[in-house]
Amino acid sequence: MAKKKQATSKTTAKAAKKAKAAQKVERKEQKNNKKSKGSSKFKDLEDDDEDLEGILEKMRREWEEAHTVTEELVEGPPSRRANATLTPCPIGNHLWCIGGEFFSEDGKAYFYNDVFRYSPEKDEWRKFISPTCPGPRSAHAVVATPSSGGKIFLFGGEFSSLHQTTFHHYRDFWAFDIGTHIWERIETRVRPSARSGHRMAMWKHCIVLFGGFYDPGVTTRYLNDLWVFDTQEYTWRQIEFREMDLKPSPRSGFSFLSCPDGILLHGGYCKEYAKGKRPVGVMLDDTWFLHLSIPTTSTTGATTTTGKSISTKSKSASAAAISLHAKWERRKKPSYAPETRSGCTMALWGARNTGVLFGGVSDEDRSDEVLESVFWNDLYGYQIPGKGRWVSMGLKRPKKKGRVQRKKVGVMRQRYEEESGSDVNENEDGGDDEDAITRPPEPEPEIDPDDPNLTVPTPRYNAMLAVLRNTLYLYGGIFEKGSREYTLDDFYSLQLDKMERYICLKESGLVIKEGDESSSDDEDDEDDEDDDEDDEDDEQGEEEGGEEIDGQNEANSEDEAVVEENTEEQKDDLRSKATAFMGVAKDATRPPEDIISTPLPGETLAMFYARSRDHWSAKAIGSSDNRGKELRRDGFALAEERYASYKPILEEIEKILAEAGLDEEEMRRGAATAPISPAAGGQSRNRR
């Protein structure tokens, strides 16, 4: 019994020993596992750090690729373009040219978003290309400020497809850093609406924006709202006026010049829309002054609408910016002023506080089909202080040259009198013809190669102007001759403090053809000739007797009888076609070419041709070798043929509309809201 107990105790001791050893091994394994887990976690952390560094490096490379600016030295000024901006550099002696558009002879539209810099000392142009930049555009507005190392702010503009079937107005706002040549897009919740043809000016630390237009494709809507962007707060604010307050009418393409007390506004362009008639362009010549102040206390008058600020400025500064006081004052037109014109935005000559105006175009609508235009190349200055005053800025003729020539003519007269013993003025009031024959011939006026007026640029409108210190720079512009429009690319400079002569920095290689010129007088003369021929034919017919006339009357009566014998089936068929056409005409998804080339109910032939003139001119170019006036006649013939083919259906539609209660005026009003081609009524799209 004792032996059995002793054996049992030994077995139990061995089992306990084994269990203890197993527990020891287990604890050891757990410890090793903890060590291995700790090392793996540390390794994972190291891997995460390596991944984060890779992500940051990748982000850095992507940012550099997006903001890497390529700088190129180019041969000369930018390519031919219009509605670009030419801006003096606020921190250096440079000019900046941004964007623009060009319309080729085949009707294609090209828009640009490149940035050029001109250095007058070296007479060189450089082009800057950045992956991050505003889209291609024209008719935008820019303004420069020396703050933050120098920046150029850009807002709005327009863009169209290659064949001008779709249009787009921009609403984006960008800042260009002059030092780094990098674009930055500024996003704000509150900002002005999309527009083109507006203007901006810098006043203290605020950017002031006014006017412009928005063209959705049917009618052009002109604007006269006033906005302020605070470059310290980075917020837009609209300044709203009471109904009884004076303010400029809606417009685009005006002059907008900053001065210490406010901003000067002059001129501009807009269109008037009358019921049942085509739009008529209006050239504005009024002058306004916007008085601006930032009072320390709240003032009455104009109020502002502000958005959320993204800056950390003090509340007092924000309150002062919000209470910006603005008041419009209309200036009286002085007795001496340039002829009314458009396309002549002034550049500011800061040293003299004067606006400089060059060129422009004056349009006069003689009829629905005739638009007479006068192009200018004169130079004026508007002195902003006080009530404002216009001065003519003509080139100064060399005085020494004039005195020498007059003295030379006087010496020739005196020498002849001494040799002949007679006075050359004796035979002015009488005398024999022989004495008159012996009079010495007057010296023919010679063209003086040093005449400064020979250096004046050719007439144009929408020229890009900028004054850098005391020098005026003029680039490009538009000139029209006959039915053709020429975009210029010449480049001039003029020292305003000397006014001696223009210096041509780059001549235009564009050749303006003489054969393209046509005037309303020529058309009137041809019309008169046609009328004379018709009158002669009528007289000849009357002389031959009345038998032929009677025969014609009988033929006409027979034709009328045939017309009156339309069957009911033909009338029903015409009514069904008219009903189907009315449904198709309301379809806005039709191709633009189909919409512009189809006459509308209530639309006369003149109205139809006025809104589709460019379409038929393009058609005529493809099928005819004519140019100028003959090409317009070919285009009108195509439009007339198209209109005649739709005339029976249009007349039936007018009957249906009359049965529905619409009068003729309402039908024409509906036709007047049809899509208008870019140059409807003979006016260029650049007049906008």
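A: Let us start with a helix: in H9, the residues that are buried are Met607, Phe608, Tyr609, Ala610, Arg611, Ser612, Arg613, His615, Trp616, Ser617 and Ala620. Buried means under 20% relative accessible area, exposed means over 50%, and partly exposed is in between (1.4 Å probe, protein chains only). This is a predicted model, in which local features need pLDDT of at least 70 and side-chain atom pairs count only at pLDDT 80 or more, while totals for chains, interfaces and linings use all residues. Residues are numbered from 1 along each chain as its sequence is written, and side-chain values use heavy atoms, with hydrogens and water left out.

Q: How many helices and strands does the chain have in its secondary structure?

A: Helices (H or I, at least four residues) and strands (E, at least two) are DSSP runs, numbered from the N terminus. On that basis the chain has 11 helices and 28 strands. Its length is 688 residues, and 40% of them count as buried.

Q: What does helix H9 span between its end C-alpha atoms?

A: The expected span is 1.5 Å times one less than the number of residues. Helix H9 covers residues 605-623, and a straight helix of 19 residues would span 27 Å, yet the distance between the end C-alpha atoms of H9 is only 22 Å.

Q: Where is the kink in H9 centred?

A: The bend at a residue is the angle between axes fitted to the seven residues ending there and the seven starting there. In H9 the kink is centred on Ser612 and comes to about 70°, and Ser612 is itself among the buried residues of this helix.

Q: Is Arg613 buried or exposed?

A: Arg613, which lies in helix H9, counts as buried because its relative accessibility is 9%. Looking along the chain from there, Ser597 is 16 residues away from Arg613, and their C-alpha atoms are separated by 9.4 Å.

Q: How many salt bridges does a search of the whole structure find?

A: Side chains of opposite charge can pair when their charged atoms come close. A salt bridge is counted when a side-chain nitrogen of Lys or Arg is within 4 Å of a carboxyl oxygen of Asp or Glu, and the search of the whole structure gives 16 of them. One of these pairs is Glu71 with Arg126, where the closest N and O atoms are 3.4 Å apart. Because Glu71 lies in strand S1 (residues 70-74) and Arg126 in strand S5 (residues 124-129), this pair ties together parts that are 55 residues apart in sequence. Both partners are partly exposed, Glu71 with a relative accessible area of 40% and Arg126 with 21%.

Q: Which salt bridge do the side chains of Arg81 and Asp114 meet in, and how far is N to O?

A: Arg81 and Asp114 join through their side chains at 2.9 Å, N to O. Arg81 sits in the loop between S1 and strand S2 (85-88), whereas Asp114 belongs to strand S4 (residues 109-119), so the bridge ties together parts that are 33 residues apart in sequence. Arg81 is buried, with a relative accessible area of 1%, and Asp114 also counts as buried, at 12% relative accessibility.

Q: Leaving aside neighbours within four places in sequence, which residues is Thr455 in contact with?

A: Contact means heavy atoms within 4.5 Å. With neighbours within four places in sequence left aside, Thr455 touches Leu395, Tyr492, Arg501 and Tyr502 in this sense. Thr455 is found in the loop between helix H4 (433-437) and strand S25 (464-468), and it counts as buried because its relative accessibility is 15%. Ile503 is 48 residues from Thr455 in sequence, but the C-alpha atoms of the two are 7.1 Å apart in space. Across the chain, of the contacts between residues at least 6 apart in sequence, 62% join residues at least 24 apart.

Q: What is the phi of Asn83, which is not a glycine?

A: Most residues other than glycine have a negative phi. Asn83 has a positive phi of about 55°; it lies in the loop between S1 and S2 and counts as buried at 19% relative accessibility. Asn353 has a positive phi too, of about 50°, and is found in the loop between strand S21 (347-349) and strand S22 (354-365), where, at 22% relative accessibility, Asn353 counts as partly exposed.
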